[in-house]
Amino acid sequence: MKVTIVGAGNVGASCADVISYRGIASEVVLLDIKEGFAEGKAMDIMQCATTTGFNTQVSGVTNDYSKTADSDVVVITSGIPRKPGMTREELIGINAGIVKSVAENILKFSPNTIIVVVSNPMDTMTYLTLKATGLPKNRIIGMGGALDSSRFKYYLSKALNKPANDVQGMVIGGHGDTTMIPLTRLASYNGAPVANYLSQEELEKVAADTMVGGATLTGLLGTSAWYAPGASVAYLVDSILNNQNRMIACSVLLEGEYGQSDICLGVPCIIGKNGVEEIVDVKLNEAEKATFAKSADAVRAMNGDLKAVLA
Ligand SMILES: NC(=O)C1=CN([C@@H]2O[C@H](COP(=O)(O)OP(=O)(O)OC[C@H]3O[C@@H](n4cnc5c(N)ncnc54)[C@H](O)[C@@H]3O)[C@@H](O)[C@H]2O)C=CC1
Ligand SMILES: O=C([O-])CC(=O)C(=O)O
């Protein structure tokens, strides 16, 4: 199975590292516009093969899309990341043009691929990719919810003082500081509602910390995060390539689900060999439905800025 990752920067390279280390794909191609950069990242990762013990073949290319031919999955991480104090939405001006041209180039050589969109603002970039390529909706998946959910579980585990792997929870809605929706009511500590153990005030703090999880890291690192984003993409790619049918919150085209249409937004999806196999209805209550509608309004307003690039 072959995976191409466009953008060999922090997130792209981290993703390639996890995919190879865990043997998720037999071949990974890193592509970047910066001369020699993807080649260097690929060589560095390949020099881990004998010490960490993997057989995945990782190669790097400078803007040569012919080397990406017949990829089963293509991950788009090309574009600029935010700096401290910025929102993800501020990246649209530069990233929209990059994402559109990358998606078009990819399809010339891998017409049957499934595309995973990572570049920010991710929900709007996913919608752009869908509109620009005209691919069926099951083959365009925005990655954000897997990462946001892992941060939610991290903050819940800290509040509970229990191992993160004993915590279940999901974040839906937009992948933005104000549009994310941590589903606190449905989160559990090994099946028991977290509200059994945490006060309302503690739960609100967990949700607030989750929503600004990316901004917090950007403030600490000077650029946005990459280890958890790279691992989250690899988790999603694994579910596609190995047909695991995991339920993962992903940004996908909604056509009436969750009361929304003509928008890509984070909802729980079954992810398997065809990409999005199914959208799962987790039965939101009235307050959650209203929050979801507000999140959709904000993302829809952002999508309005795509007119020029889609013209
Ligand atoms: N959806 C999510 O959950 C997350 C999204 N992101 C987003 O992912 C993107 C990448 O972030 P980082 O890897 O930290 O940035 P980075 O700056 O480390 O890497 C981006 C790479 O894209 C390359 N690039 C730019 N234009 C290109 C083109 N036309 N073709 C090929 N490569 C091109 C650059 O040369 C650079 O190496 C950002 O937009 C960031 O906001 C980051 C983390 C999580
Ligand atoms: O915060 C950012 O800009 C990058 C990102 O999407 C994340 O780490 O969640």
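**View 1. Residues 1–142, with end C-alpha atoms 20 Å apart.** The span is 40% helix and 20% strand, where helices (H or I, at least four residues) and strands (E, at least two) are DSSP runs numbered from the N terminus. An unreviewed UniProt entry annotates residues 1–142 as "domain: Lactate/malate dehydrogenase N-terminal"; such annotations may be inferred rather than shown by experiment. The model is predicted, so local features need pLDDT of at least 70 and side-chain atom pairs count only at pLDDT 80 or more, while totals for chains, interfaces and linings use all residues. Residues are numbered from 1 along each chain as its sequence is written, ligands are numbered from 1 in the order in which they are written, and side-chain values use heavy atoms, without hydrogens and water.

**View 2. The shell around ligand 2.** R82, R88, N120, L147, R151, H175, G214, T218 and S224 surround the ligand (a heavy atom within 4 Å). By class, the shell has one nonpolar, five polar and three charged residues, with Gly counted as polar and Arg as charged. Helices α6 (145–160) and α8 (213–221) each supply at least two of the shell residues.

View 3. For H175, a polar side-chain atom is 2.6 Å from a ligand oxygen. The protein buries 94% of the 260 Å² that ligand 2 exposes when taken alone (Shrake-Rupley method, 1.4 Å probe).

How values were computed. A polar contact is a pair of N or O atoms within 3.5 Å; within protein, one must be able to donate a hydrogen and the other to accept it, and residues adjacent in sequence count only if both atoms are side-chain atoms.
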